[in-house]
Amino acid sequence: MPKKPPPDTLRIATYNIQKCVGMDLRRRPERTLQVMAGLGADVMVLQEADKRLPPRPAALPQFLVEETGWRAADLGGAGSLGWHGNAVLVRNGVQLRAKGHIALPGLEPRGAVWVLLETALGPVRVIGAHLGLTGRARREQMHALARAAQAKDAAVVLAGDFNEWSRGPVLEHIAPALTFLPPKPSFPALRPLGALDRIAHCRRLKAVAHGVHGARPAHIASDHLPVWADLRMV
């Protein structure tokens with residue numbers, strides 16, 4: 001379990017919750033929320049937060065989110081928690097100022113979301129994404145995300161499931177304005193080998209700590225483990 005974040009930092013985590021279906025093939029939203037509680041994060045960026053088929057109802061029910069102290073950015077509609085499965089939850093005094101969608105290229109139906117948050121660090125724009133399964137699609141999508149990350153009104157954080165198995169800088173060079181935290185294995189949860197889940201930030205921020213959360217029941221709640229970072233203004 002991550003230690004309590006240092007003062008004057010913002011803890012952001014990204015987590016592909018696999019529609020709340022664990023490695024035991026059971027859909028247990030309460031277990032997903034238990035993992036999230038153990039992170040102690042201020043902001044959660046989620047992937048696969050909605051069920052796959054239209055109208056894509058929330059896999060993580062809104063009432064459970066609210067009962068556990070989280071507030072979800074209204075990015076979906078029609079009962080969805082997010083958009084293309086991407087959702088953002090906040091707590092600990094973080095306030096939502098604006099939000100929107102980012103269309104991503106590729107044959108698969110993919111999209112990203114962004115929120116402008118008022119935090120203890122000041123304004124922070126958080127972008128959440130779930131990139132495609134092919135290398136070409138991921139590169140094209142990263143170009144779109146790099147353009148979206150060129151915000152002047154706030155510090156910027158990009159987080160999500162990048163679906164990139166390579167440990168080399170395959171995507172990093174596409175977004176040179178962002179600093180990608182060193183990759184740490186987060187998939188598959190039972191025996192992590194691939195660093196698919198990543199966090200990057202602009203140069204107005206620095207990471208004072210980051211890691212992968214593997215404490216029980218994270219090992220079985222999803223096929224991914226959550227990744228977290230404590231960020232501070234430079």
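Predicted model: local features only at pLDDT ≥ 70, side-chain atom pairs only at ≥ 80, totals over all residues.
**Exercise 1: aromatic pairs**

Solution: 
- Step 1. Take Phe162 and Phe180, whose ring centres lie 6.3 Å apart with 70 degrees between the planes. Planes over 60 degrees apart count as edge-to-face, so that is the label for Phe162 and Phe180.
- Step 2. Now see where these two sit. Phe162 is in the loop between β8 (155-161) and β9 (178-180), while Phe180 belongs to strand β9, so the pair ties together parts 18 residues apart in sequence. Both Phe162 and Phe180 are buried.
- Step 3. On to Trp165 and Phe187: 5.9 Å centre to centre, with 80 degrees between the planes, which makes this pair edge-to-face too. Trp165 sits in the loop between β8 and β9, and Phe187 in the loop between β9 and β10 (197-202), 22 residues apart.

**Exercise 2: buried or partly exposed?**

Task: Decide whether Trp165, Phe187 and Lys19 are each buried or partly exposed.

Solution: 
- Step 1. Recall the cut-offs: buried means under 20% relative accessible area, exposed means over 50%, and partly exposed is in between.
- Step 2. Trp165 has 47% relative accessibility, so Trp165 is partly exposed.
- Step 3. Phe187 comes in at 19%, so Phe187 is buried.
- Step 4. Lys19 has 14%, so Lys19 is buried as well.

**Exercise 3: around Lys19**

Task: Say where Lys19 is placed and which side chain makes a polar contact with the side chain of Lys19.

Solution: 
- Step 1. Look in the loop between β1 (10-16) and α1 (29-39); that's where Lys19 is.
- Step 2. The polar contact goes to the side chain of Glu48, at 2.8 Å.
- Step 3. Leaving aside residues up to four places away in sequence, Lys19 touches several others, among them Arg27, Asp50 and Ala59.

**Exercise 4: the open sheet**

Solution: 
- Step 1. Write down the order of the 6 strands: β5-β6-β7-β8-β10-β9, with mixed pairing.
- Step 2. Zoom in on one end: β5 runs antiparallel to β6 (residues 111-119), joined by 8 bridges. As an example, Ala103 has Gly111 in β6 as its bridge partner.
- Step 3. Finally, spot helix α3 (residues 135-148), which lies across β5, β6, β7 (122-130), β8 and β9 and runs at about 170 degrees to β7.

Note on methods:
Residues numbered from 1 in each chain as written. Heavy atoms only, no water. Phe/Tyr/Trp six-rings, centres within 6.5 Å; stacked < 30°, edge-to-face > 60°. Helix = DSSP H or I, 4+ residues; strand = E, 2+ residues; numbered from the N terminus. Buried < 20%, exposed > 50% of the residue type's maximum accessible area, 1.4 Å probe, protein only. Polar contact = N/O pair within 3.5 Å; in protein donor to acceptor, adjacent residues only side chain to side chain. Contact = heavy atoms within 4.5 Å. Pairing = 2+ DSSP bridges. Axes fitted to C-alpha atoms, helices over the stretch in contact; angles between N-to-C directions.
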